[in-house]
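Subject: Structure handover

Hello,

Here is the structure I promised to pass on. Please open it next to this message and follow along.

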Amino acid sequence: MASTSVIDELKKSQIIDLLDDGKRVDGRALDEFRTITIETNAIPKANGSARVRIGDTEVICGIKIQPDRPFPDTGDKGLFICTAELLPLSHPTVETGPPQPPVIELARVVDRGIRESHMVDVSQLVIEKDKSVIGVFADNVVVDYDGNLFDACSYASTAALLSSKTPKWSWTGDAPKLVDEDESVLPINTIPVSVTMGKIGRHIIVDPNGDEWASMDARITITSDSDGNICALQKGGSGGFTQDEVNRCGEISVRLGAKIREKLQAHRGSQ
Amino acid sequence: MGGRDTTMVLLDENGVRCDGRKIDEPRRIMIKAGGLKNADGSAYIEFGDNKILVGVFGPRDVHPKHMSNTDTGILRVRYHMEPFSVSERKNPAPSRREIEISKVIKEALEPAVMLEKFPRTAVDVFIEVLQADGGTRCAALSAASVALADAGIPMRDMVAACASGKVADTIVLDINNEEDQAGQADMPIGYMPSLEKITLLQLDGILTPDEYKKCVDVGIAGCKIVYELQKKALYEKYFGKGDN
């Protein structure tokens, strides 16, 4: 993953030299995303799914919706759980086995962005209070790696959720019973969009590619909702940001997020 | 295999199966060579409703080092299903079933790959089942062969795979999920058509000695169909579409 990618010093100094002239290795503007493609219903057997590409980074997300037990302290809410995994075929340095800390962070940041925006209205996902609720699992798998997995997983999850249909269950006294295979759309409140920025030297760049990712001093992922409010944030990497930079990153995230939200919105109920 | 449900009509009086196929007809098969940027070789297969992605790395250094062999290269295979690939969400951790399938696929590929040319190295094959619908191991093995060839790894032959089985007392080609659940026997076969060698063979279900022979025969015929599609996929990637 990101922190283990190997980049030679020459490439890194080239990236920095170009940035000093206001340019990037792949010719993009500093606040420009790579091409984003979103394909929903890639896995027809899942309740919702999406295949998202940001440049050469590719992520597949599948949604599974099934009855589950509620958490003891939130018996009046359904579950939303988001995971992310780097498949070993996504990059030569990825190894099998238990997930490494960077991948655990990835899954948690993606989960938090969607959860904190209250995108999925979990209060409507209750079959019987305190006994049975509907669980929504968004499982992301990274198929090809070229930087910025945070946004790729986030868009894949969001697009997959927007295209999801949920079956209906009723409570029979001791167990949930499937009553309606004729699926309805998931209760959706808002569309969260994350924007990840990297800091290299004194420059802030949007959507770092794999080489840029490996050269970064620090990064920041800011998620905004449909109202243009910021709902989740994660700073990473061993460098720091000034207050002014953090403010600027917030503005960039809301501005670019609005454009990407339009792309995601097009997949609402698309199944 | 599960319960032997006899209520479902698996084969009607005209010899048409539950999904409309004839007894010797495979499901729709689409194989694509390449597609992944970071992998040294890759392939994607759609076999009926199965959707499987395979990436190959190597020959490369072996980690952990003690696994390396000074006389030959080693082949490592991981067969893995995504949590969303089956009806009920699957725990992402590898199951005993996945570990066994990884092993039989590895042993099916080993005779094909000229590992002795790369001592002290490993060739890693990563199989990701995006959607499963019965017969994943055969589809995965067929795609893995194409991905190995795409990685430029010297091979004696490609392994093509297809299952045969017994449904409603009839030997049929390419068992689907319903036939696997409710049928009488399932026999996955991996076969190197040019070398005429079977490298994967499993069976669950009961067959008479005659049915057994018939089943192998039908399965190999299926492998030969898959083999042509494997060659076509490689041809299309390296020589463009056109007459093969």
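Below is what I found in it, element by element.

One caution before the details: this is a predicted model.

The sheet of chain B

Start with chain B. An open sheet there has 5 strands in the order 1-2-3-5-4, and the pairing is mixed. Strand 1 (29–33) and strand 4 (74–81) of chain B are at the edges. Each has a single partner strand, so one side of each is left without a neighbour in the sheet. On average, neighbouring strands of this sheet are turned by 15° against each other, direction ignored.

Look next at the pairing of strand 1 of chain B with strand 2 (residues 41–47) of chain B. The two run antiparallel and are joined by 5 bridges. Within strand 2 of chain B, B:Tyr44 is the residue that stands opposite B:Lys32.

Two helices pack on this sheet. Helix 1 (residues 96–109) of chain B touches strand 4 and strand 5 of chain B. The direction of helix 1 makes about 140° with that of strand 4 of chain B. Helix 2 of chain B also packs on the sheet, touching strand 1, strand 2, strand 3, strand 4 and strand 5 of chain B. Its direction makes about 150° with that of strand 2 of chain B.

Helix 2 of chain B

Helix 2 of chain B covers residues 136–150, which is 15 residues. From first C-alpha to last it reaches 21 Å, close to the 21 Å expected at 1.5 Å a residue. Is helix 2 of chain B mostly covered or mostly open? Mostly covered: 15 of its 15 residues are buried. Just after the helix, B:Gly152 takes a positive phi of about 75°.

Helix 2 of chain B packs against helix 4 (residues 209–239) of chain B as well. The angle is about 30°, and the axes are 10 Å apart. The crossing of these two helices is right-handed. Which residues make the contact? Helix 2 of chain B gives B:Ser142, B:Ser145, B:Val146, B:Ala149 and B:Asp150. Helix 4 of chain B gives B:Val226, B:Gln230, B:Ala233, B:Leu234 and B:Lys237. By type, the residues of this contact are 5 nonpolar, 3 polar and 2 charged.

Where the chains meet

Now turn to the two chains together. In chain B, 18 residues are in contact with 26 residues of chain A. On the side of chain B that touches chain A, strand 3 (50–61) and strand 5 (121–131) of chain B are the elements that give two or more residues. Strand 5 of chain B supplies the largest share, 4 residues. The residues on this side of chain B divide into 9 nonpolar, 3 polar and 6 charged.

A sheet in chain A

Finally, chain A. An open sheet of 4 strands has the order 10-9-11-12 there, with antiparallel pairing. Strand 10 (203–206) and strand 12 (230–236) of chain A are its edge strands, and each pairs on one side only. From one strand to the next, the twist averages 20°.

Strand 9 (residues 193–200) of chain A pairs with strand 10 of chain A over 4 bridges, in the antiparallel sense. Opposite A:Gly198 stands A:Ile205 in strand 10 of chain A. Helix 5 (residues 243–265) of chain A packs on this sheet and touches strand 9, strand 10, strand 11 (218–224) and strand 12 of chain A. The direction of helix 5 makes about 140° with that of strand 9 of chain A.

Best wishes

Note on methods. Residues are numbered from 1 along each chain as its sequence is written. Chains are lettered from A and ligands numbered from 1 in the order in which they are written. This is a predicted model: local features need pLDDT of at least 70, side-chain atom pairs count only at pLDDT 80 or more; totals for chains, interfaces and linings use all residues. The expected span of a helix is 1.5 Å times one less than its number of residues. A residue is buried if 20 or more other C-beta atoms lie within 10 Å of its own, exposed if 12 or fewer, and partly exposed in between; C-beta atoms are placed from the backbone. Two residues are in contact if their C-beta atoms, placed from the backbone, lie within 7 Å. Ala, Val, Leu, Ile, Met, Phe, Trp, Tyr, Cys and Pro count as nonpolar, Asp, Glu, Lys and Arg as charged, and the others, Gly among them, as polar. Two strands pair if DSSP finds at least two bridges between them. Axes are lines fitted to C-alpha atoms, for helices over the stretch in contact, and angles run from 0 to 180 degrees between N-to-C directions. A crossing is left-handed if the near helix is turned anticlockwise from the far one by less than a right angle, and right-handed if clockwise.
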